[in-house]
Number of protein chains: 2
Amino acid sequence: MKIGVLGSGTVGQIIAGKLAGVGHQVEVGTRSESTYGTAAAHGELIFNCTAGTGSIDALRAAGEEELRGKVLVDVANPLDLSKGMPPTLSVCNDDSLAEQIQREFPEARVVKALNTMNHQVMVDPSRVPGQHHVPIAGEDAAAKEQVATLLQEFGWPADSIVDLGGIRSARGMEMYLPLWLGAMGAFGSADFNIRFVR
Amino acid sequence: MKIGVLGSGTVGQIIAGKLAGVGHQVEVGTRSESTYGTAAAHGELIFNCTAGTGSIDALRAAGEEELRGKVLVDVANPLDLSKGMPPTLSVCNDDSLAEQIQREFPEARVVKALNTMNHQVMVDPSRVPGQHHVPIAGEDAAAKEQVATLLQEFGWPADSIVDLGGIRSARGMEMYLPLWLGAMGAFGSADFNIRFVR
């Protein structure tokens, strides 16, 4: 499948590398080379791996017409680093980055996914032993199906994918970040993920 | 131990019942009977099980002098129900209810705990099979030790208690609520808890 990856930071690199590794034709768009539009035009499906506070601008630069009707996997966290560490969120509680993106690009089929863990775990869930979960959220059931298929190509078992419902559920996925940071501090490692134990 | 439980809703009832069941002398303070002060005076340790948006007022009614030097276990979530369901938070991101309480009552030894799960799981962790976690946060190490001892009396294994650090880490514990709500919706049950899998 032709996939466009927007963002060439740590997350963009590892996502693009994994997608290529499992056989997809990947084009990466970067801010420095103004290639968001090229990557988006290439992709039948698009990953947003840009910094959350710049995601809307990056997607505008990619072009609304290049997103129309396409699945847009939003991996970004809206980290506000302006107040020092640990970061706060630039949007939360009564809104989320994924909702902002969906409102701004109503014809894109936004699916929030993979933002709840370290980048290495995203593409290699076997780094964490046993069962653990990857929540997803979005309005479009077929889009979520397509993302679930990609996640399985990444190594996520089908029953590790938890569909939280509509795009509003992205709030919870983004607001989980401070707990993730706290746990990382407690464990001294980012090599973990959550499991919803029942 | 003499323990005061502020709040007689679902959470206050189940916490008070469990504390009594494991041998503590419990006094419950309720708003309707204006007995916050009596319960706080009784307690060598105090549980805040009031509704989060009313917690500061309830603790003021209990009286600052009754909280001085005491461990104050803050179980509350700052749920804003005024905008309908699902609730948003009345404070988050750059502050938390636990931090507000600690600032308002600087001589209380605030420990955030147990707000990350359903009330039944709080006092009976064996409802959820296998290992799962109860994060705690607070400035006072001895206070956290005391809370950890109580949690073990509730049935939490020592290695299920995750100390996230100072009271600021309560933000993550409170901001986890929307993800918890999303997972509850996906599973159709509140009988779950998170495990940080490593």
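**View 1. A:Asn193 faces B:Val197 across the two chains.** In this predicted model, A:Asn193 stands opposite B:Val197 in S10(B). Strand S10 of chain A (residues 193-197) is joined to S10(B) by 5 bridges, and the two strands run antiparallel. Strands are DSSP runs of E with at least two residues, helices are runs of H or I with at least four, and both are numbered from the N terminus. Two strands pair if DSSP finds at least two bridges between them.

A word on conventions: residues are numbered from 1 along each chain as its sequence is written, while chains are lettered from A and ligands numbered from 1 in the order in which they are written. Local features need pLDDT of at least 70 and side-chain atom pairs count only at pLDDT 80 or more, whereas totals for chains, interfaces and linings use all residues, and side-chain values use heavy atoms, with hydrogens and water left out.

**View 2. Chain B meets chain A.** Here 33 residues of chain B are in contact with 33 residues of chain A, contact meaning heavy atoms within 4.5 Å. Together the chains bury about 3,100 Å², 70% of it on carbon and sulfur atoms; buried area is the accessible area (1.4 Å probe) that two parts lose on being put together, summed over both. B:Leu179, B:Val197 and B:Arg198 supply 23% of the area that chain B buries against chain A, more than any other three residues. How many salt bridges are there between chain B and chain A? The count is 0, a salt bridge being a side-chain nitrogen of Lys or Arg within 4 Å of a carboxyl oxygen of Asp or Glu.

**View 3. The side of chain B that touches chain A.** Elements giving two or more residues to this side are strand S6 (88-89), strand S9 (161-163), helix H8 (170-175), helix H9 (177-187) and strand S10 (193-197) of chain B. H9(B) provides the largest share, 6 residues.

**View 4. An open sheet in chain A.** Its 7 strands follow the order S2-S1-S3-S4-S7-S8-S9, with mixed pairing. Strand S2 (25-29) and strand S9 (161-163) of chain A stand at the edges with a single partner strand each, so one side of each has no neighbour in the sheet. Neighbouring strands are turned by 25 degrees against each other on average, direction ignored. Axes are lines fitted to C-alpha atoms, for helices over the stretch in contact, and angles run from 0 to 180 degrees between N-to-C directions. Strand S8 (residues 134-138) of chain A runs parallel to S9(A), joined by 3 bridges, and A:Pro135 stands opposite A:Val162 in S9(A). Helix H5 (residues 97-104) of chain A packs on the sheet, touching S3, S4 and S7 of chain A, and its direction makes about 170 degrees with that of S7(A).

**View 5. A salt bridge within helix H3 of chain A.** The side chains of A:Asp57 and A:Arg60 meet at 3.4 Å, N to O. These residues, A:Asp57 and A:Arg60, are 3 residues apart in helix H3 (residues 55-62) of chain A, which means about one helical turn separates them. Over all chains, the whole structure has 22 salt bridges.

View 6. Most residues other than glycine have a negative phi, and most peptide bonds are trans. The peptide bond from A:Met85 to A:Pro86 is cis, with omega near -10 degrees, and A:Pro86 sits in the loop between strand S5 (79-80) and strand S6 (88-89) of chain A. In chain B, the bond from B:Met85 to B:Pro86 is cis, with omega near -10 degrees. A:Asn93, in the loop between S6 and H5 of chain A, has a positive phi of about 75 degrees although it is not a glycine.
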